[in-house]
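Work through the exercises below with the sequence and the model side by side. Try each task before reading its solution.

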Amino acid sequence: MMSTKWILTAVVLTCAIALPSRGFAQEEPLGFFITSVGLGNGADLGGLDGADTHCEALAQAAGERDRTWRAYLSTQATGEQPAVNARDRIGEGPWFNAAGLRIAAGVDDLHYNNAAINYENALNENGQPVNSGANGDSPNMHDILTGTQLDGTAFPTGDDRTCNNWTSSAEGSAMVGHHDRFTFQTPGSPWNQAHPSRGCSQENLAGSGGAGLFYCFAAD
C-alpha cells in the first residue's frame with residue numbers, strides 16, 4: 001500500500017511539472033490594450049485628458065482598478081504649449097496584454113520593432129482581437145490613432161497630425177498606426193505610424209479602416 005501511494009504521488013507531481021499552466025500567464029497584470037470602443041466623436045477625444053479618462057474607464061470595467069492608465073498619443077507644439085511625446089507618457093514597462101503575453105520589456109523595446117504588437121496580440125481590454133480587414137473582418141478597424149512618429153515622438157509643428165491635439169472632429173488629420181501591421185508593401189506597416197487619416201470625423205476615420213480606437217498603457 002505504501003509503495004502504491006508513493007507511486008501515485010510521483011505521477012501527480014510529474015504531471016504537475018510537465019503540463020503547461022495558463023495560470024502563470026494570467027498572473028501578469030494587464031498593462032496594454034486597444035480600446036474596445038472609441039469615444040464616438042471621431043478624433044475629438046477631449047484632448048489627452050479625455051483619452052486617458054477613457055483608458056481608465058475601460059480598464060476599470062475590465063476589472064483593472066489599481067493602475068494608472070495613459071493613452072498612447074502625442075500632441076504637437078502650439079504657441080502656448082510644448083509638444084508631448086507618446087513614449088514619455090506610458091511609464092517604463094514591461095507591459096502585458098489581457099492574455100498575459102509580454103508586448104514589450106520597456107520603451108526602447110517597444111519602439112525598435114521588437115514590440116509584439118500584431119493582430120494576434122494587440123487585444124482590447126477584454127482580451128478580444130480588434131477587427132482587421134487583412135484577416136477578413138468587417139468593418140476593418142486596424143487604423144489606431146497615435147499622432148506619433150516611429151520613435152514615439154510628436155511631429156513637428158506644421159501639418160496637423162493630431163486632429164488639433166485630439167480636439168477636432170472636423171478639420172485636420174491624424175497619424176494612425178496599424179495594429180495588424182498590414183500593408184501592401186514589405187516590410188509590414190509599423191504599429192504606430194502607417195499613414196495620415198483622411199480627416200478627423202468618425203466618417204473619415206472609418207473611410208480608411210478606423211473607428212477612433214487608440215492604445216492604452218499602464219504607466220505605473
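**Exercise 1. How many aromatic pairs does a search of the whole structure find?**

Start with the ground rules. This is a predicted model, where local features need pLDDT of at least 70, side-chain atom pairs count only at pLDDT 80 or more, and totals for chains, interfaces and linings use all residues. Residues are numbered from 1 along each chain as its sequence is written, and side-chain values use heavy atoms, with hydrogens and water left out.

Step 1. Apply the pairing rule: rings of Phe, Tyr and Trp (its six-membered ring) pair if their centres lie within 6.5 Å. Planes under 30 degrees apart count as stacked, over 60 as edge-to-face and the rest as tilted.

Step 2. Count. The search of the whole structure gives eight aromatic pairs.

Step 3. Classify one pair. Tyr72 and Trp191 have ring centres 4.9 Å apart and planes at 50°, so this pair is tilted.

Step 4. Tyr72 sits in the loop between S2 and strand S3 (95-96). Trp191 sits in the loop between strand S6 (175-178) and strand S7 (195-196), 119 residues apart from Tyr72. Helices (H or I, at least four residues) and strands (E, at least two) are DSSP runs, numbered from the N terminus.

Step 5. Check burial. Buried means under 20% relative accessible area, exposed over 50%, partly exposed in between (1.4 Å probe, protein chains only). Tyr72 has a relative accessible area of 0%, so it is buried. Trp191, at 4%, is buried too.

Step 6. Widen the view. Phe32, Tyr72, Trp95, Trp191, Tyr215 and Phe217 form one aromatic cluster.

**Exercise 2. Against which strands and helix do the buried residues of H3 pack?**

Step 1. List the buried residues: Gly47, Leu48, Ala51, Asp52, His54, Cys55, Leu58 and Ala59.

Step 2. Recall the geometry. An α-helix has 3.6 residues a turn, so residues three or four places apart point the same way.

Step 3. Name the partners. The buried residues of H3 pack against strand S1 (32-34), S2, H5 and S8.

Step 4. Look past the end. Gly63 follows H3 and has a positive phi, near 100°.

**Exercise 3. Is Gly212 buried or exposed?**

Step 1. Locate Gly212: strand S8.

Step 2. Read the accessibility. Gly212 has a relative accessible area of 2%, so it is buried.

Step 3. List its contacts (heavy atoms within 4.5 Å). Leaving out residues up to four places away in sequence, Gly212 touches Gly38, Gly42, Leu145, Gln202 and Leu205.
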